[in-house]
Amino acid sequence: MTPPLLRYRTVGSTMDLLHELAAGGAEAGTVVVAGEQSEGRGSRGRTWRSPPGGLWLSVLYRPPAAGVELVALRVGLAMAEAIEALGRGVTVALKWPNDLMLKDRKVGGILCEARWQGDVLAWVVAGIGVNVTNTIPQEIGDRAVRLADVMAGATVEALESEVTTRLRRLDLGTERLPPAELTELRRRDWLLGRRLRGPVPGTAAGISDEGALLVRHEHGTVTTVRAGGVELAQPSFTP
């Protein structure tokens, strides 16, 4: 049987609701969608504004612990493919570790939260937000974009169908990225070649098969970054 897909007009957070359902035994592949969130959140505790007109969705996974750090990247790939399936000629890039980029502006984001029982992984909830036709606040208009701005006829309903299908069929059973996934990630790597101020200073040099960000320093050594936010240097591209 197909796992349930639960729709709500308004919730505090689709992620919080799905965590509650997971604790009660909800099966992998369960999806919660809301027309609006009053307490949506992004990475590092940031508020994620979630007005009507965007896709605000969370999906439940019960993967093995090995490879749990790859969930966000794999969800990102599925999201990029879903968006591109709706718009001919549209290319979605991925900004490590969790942003969806369209024409150098953020169109969506991914937040993954794991819950453990002792040292056993119980479940992972992946929360996704995509700007579709919703209003973009003026203060972030220079760095955010909506699908409707670049894709005629974009609708939440059409995107939801593409997204749900692809997210439910993700294979999360491997702890390293196989060549096909790694090739796709590297092809979409928005950070590649950009100078970084943090989490360590240097130039973004790609993604490892374990999903880590590679940062090359001035003298050629490379640091592997497994977690943390990225801060660009100005100007960000290497000459």
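User: What should I know about the model and the numbering first?
Analyst: This is a predicted model, where local features need pLDDT of at least 70, side-chain atom pairs count only at pLDDT 80 or more, and totals for chains, interfaces and linings use all residues. Residues are numbered from 1 along each chain as its sequence is written, and side-chain values use heavy atoms, with hydrogens and water left out.

User: How many helices and strands does the protein chain have?
Analyst: Five helices and twelve strands. Both are DSSP runs numbered from the N terminus: helices are H or I with at least four residues, strands are E with at least two.

User: How much of it is buried?
Analyst: Of the 239 residues, 50% count as buried. Buried means under 20% relative accessible area, exposed over 50%, and partly exposed in between, with a 1.4 Å probe and protein chains only.

User: Zooming in. What does S5 pair with?
Analyst: Strand S4 (residues 93–95) pairs with S5 in the antiparallel sense over three bridges, and S5 also runs antiparallel to strand S6 (residues 105–117), with four bridges. Two strands pair if DSSP finds at least two bridges between them.

User: Are the faces of S5 buried or exposed?
Analyst: Both faces of S5 (residues 99–102) are covered. Asp99 and Met101 are buried on one side, Leu100 and Leu102 on the other.

User: What links these strands?
Analyst: Hairpins. S4 joins S5 through three residues, while S5 and S6 have two residues between them.

User: Where is the cis bond around Pro97?
Analyst: The cis peptide bond joins Trp96 and Pro97, with omega about 0°. Pro97 is in the loop between S4 and S5. There is also a cis bond from Gly198 to Pro199, with omega near 10°, and Pro199 is in the loop between strand S8 (194–198) and strand S9 (202–207).

User: What about phi in the loop between S5 and S6?
Analyst: Lys103 has a positive phi of about 55° although it is not a glycine. Asp104, in that loop between S5 and S6, has a positive phi of about 65° and is not a glycine either. For context, most residues other than glycine have a negative phi, and most peptide bonds are trans.

User: Are those two buried or exposed?
Analyst: Lys103 is exposed, with a relative accessible area of 62%. Asp104 is exposed too, at 52%.

User: New topic. Where does Glu175 sit, and what is it in contact with?
Analyst: Glu175 is in the loop between helix H4 (156–168) and helix H5 (179–187). Leaving aside neighbours within four places in sequence, Glu175 is in contact with Ala66, Gly67 and Leu70. Its C-alpha is separated by 7.4 Å from that of Val68, 107 residues apart along the chain. Glu175 counts as exposed because its relative accessibility is 53%.

How values were computed. Contact = heavy atoms within 4.5 Å.
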